[in-house]
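Here is a short briefing on one structure. Please read it with the sequence and the coordinates open.

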Number of protein chains: 2
Amino acid sequence: MSASKRDELVQKALKAFYRGGFHAMGMDALAKETGVSKTAMYKHFRTKEDLILAVLRLRDEQFRNWLIRRVEALAESPRGRLLAVFDALGEWFAEPEYRSCMFIKASSEYQDRAHPIHSAAAEHKRLLLGYFEKLAREAGAKEPEELSRRILLIKEGAIVMAHLGDREAVAKSARGAAEDILAAAL
Amino acid sequence: MSASKRDELVQKALKAFYRGGFHAMGMDALAKETGVSKTAMYKHFRTKEDLILAVLRLRDEQFRNWLIRRVEALAESPRGRLLAVFDALGEWFAEPEYRSCMFIKASSEYQDRAHPIHSAAAEHKRLLLGYFEKLAREAGAKEPEELSRRILLIKEGAIVMAHLGDREAVAKSARGAAEDILAAAL
DNA sequence: TTCCTAGTTTACCGATCGGTATAGGAGAAC
DNA sequence: GTTCTCCTATACCGATCGGTAAACTAGGAA
């Protein structure tokens with residue numbers, strides 16, 4: 001089992017599902033887009049669902065690594081980093097390929113809370129919340145748990161609205177909202 | 001063309017699409033769920049897309065009417081009403097049938113900004129923004145446009161997170177975040 | 001050389017997709 | 001009673017769905 005080919009498939013499938021949606025992207029179309037034959041895909045993954053779960057695992061790792069790296073490059077203090085989250089988001093929104101959050105879309109298409117895909121989406125948000133909570137604690141917040149929930153709320157709202165409206169204005173408003181919330185919480 | 005039968009179809013289709021998703025809910029399954037024959041459905045709507053657009057029009061009207069009615073019942077002052085938005089949301093989240101926002105899901109499945117379904121979702125958010133802006137203006141906000149954007153941001157974030165995590169905690173945090181933002185904006 | 005592995009192409013499976021055609025039934029209007 | 005409207009049920013269309021079977025090829029190891 002060539003691990004590199006498998007990873008290549010997951011990476012290309014990630015892009016394809018991100019652009020096309022999970023139900024709308026069929027396995028035949030996926031084979032054509034990735035350049036990997038259907039037979040090979042089913043050698044690596046028993047079902048489409050398994051492939052999607054692998055895609056989500058990759059995306060979770062990819063996104064959180066990117067966000068943390070970016071935030072740490074943009075600001076030094078914990079407080080500055082909580083705000084830098086929204087500068088990083090602004091950069092993401094400015095990419096022409098931006099199409100909302102893969103996990104929000106996954107939970108939209110697989111709504112049952114018991115479904116593994118829905119759970120994977122929830123887990124991603126939980127991990128993000130953990131990072132924000134760490135920053136909030138370092139920043140000396142009175143209630144770091146509550147502050148991190150509010151930061152996450154604004155982040156998710158920004159992602160949704162950036163997909164539907166003026167992306168630049170959304171990033172700015174989100175940062176402004178975060179400033180107000182930080183001012184009240186520290 | 002019996003208008004009442006048509007409306008009945010749209011109402012039942014709304015529930016079916018809300019539970020099942022747009023791509024996942026096929027026209028045969030829809031006929032079974034609504035009790036309306038496929039032939040009759042295609043007498044009223046030329047395509048599935050047309051039916052979905054009618055569903056979204058109904059949902060927009062339904063949701064905004066409900067929200068405005070609820071907000072006006074919960075508080076008298078414009079400031080209080082901006083906060084009551086999140087009490088109303090909390091009531092919505094508590095319903096067992098709650099499954100996120102139909103328009104967020106629509107824009108997740110139809111991502112192209114030029115697609116009529118995506119546009120309908122964007123329009124719904126624009127109308128909500130208008131309502132919040134009116135309240136912000138009445139409340140005497142320095143920048144009502146900016147304040148309304150921030151309120152909408154928190155509302156959308158709350159809807160997403162309520163779909164993925166602890167709904168009660170989300171509603172509370174959203175209200176708290178809105179309080180901070182109102183305090184800074186008025 | 002021989003064998004195994006990892007991948008390919010092509011074709012196929014039953015089911016479902018969105019959409020249509022046909023025939024007929026129930027009820028109101030004339 | 002007849003016609004028109006609105007609906008039904010059933011069957012069908014070609015295309016695509018997720019998934020599988022079979023035969024083949026290229027490369028590396030024994």
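How far is the sulfur of A:Cys101 from the closest cysteine sulfur? The distance is 15 Å, to B:Cys101, too far for a bond.

This is a predicted model: local features need pLDDT of at least 70, side-chain atom pairs count only at pLDDT 80 or more, and totals for chains, interfaces and linings use all residues. Side-chain values use heavy atoms, without hydrogens and water, residues are numbered from 1 along each chain as its sequence is written, and chains are lettered from A and ligands numbered from 1 in the order in which they are written.

**Cysteines**
- Over all chains, the structure holds zero disulfides (a disulfide is a pair of cysteine sulfur atoms within 2.5 Å).
- Seen from B:Cys101, the closest cysteine sulfur is in A:Cys101, 15 Å away.
- A:Cys101 is buried at 4% relative accessibility (buried means under 20% relative accessible area, exposed over 50%, partly exposed in between, with a 1.4 Å probe and protein chains only).
- B:Cys101 is buried too, with a relative accessible area of 4%.

- Most residues other than glycine have a negative phi.
- A:Ser100 is not a glycine, yet its phi is positive, about 65 degrees.
- A:Ser100 sits in the loop between helix H5 (78-94) and helix H6 (102-109) of chain A (helices are DSSP runs of H or I, at least four residues, numbered from the N terminus).
- A:Ser100 is buried, at 3% relative accessible area.
- B:Ser100 also has a positive phi, near 65 degrees.
- B:Ser100 lies in the loop between H5 (78-94) and H6 (102-109) of chain B, and is buried with a relative accessible area of 3%.

**Helix packing in chain A**
- The axes of H4(A) (residues 48-74) and H6(A) come within 10 Å and cross at roughly 150 degrees (axes are lines fitted to C-alpha atoms over the stretch in contact, and angles run from 0 to 180 degrees between N-to-C directions).
- H4(A) and H6(A) are therefore roughly antiparallel (angles over 145 degrees count as such).
- A:Val55, A:Leu56, A:Arg59 and A:Asp60 of H4(A) contact A:Met102, A:Phe103 and A:Ala106 of H6(A) (contact means heavy atoms within 4.5 Å).
- By class, this contact has five nonpolar, no polar and two charged residues (Ala, Val, Leu, Ile, Met, Phe, Trp, Tyr, Cys and Pro are nonpolar, Asp, Glu, Lys and Arg charged, the others polar).

Definitions and conventions:
Helices (H or I, at least four residues) and strands (E, at least two) are DSSP runs, numbered from the N terminus. Angles under 35 degrees count as roughly parallel, over 145 as roughly antiparallel, 65 to 115 as roughly perpendicular and the rest as oblique.
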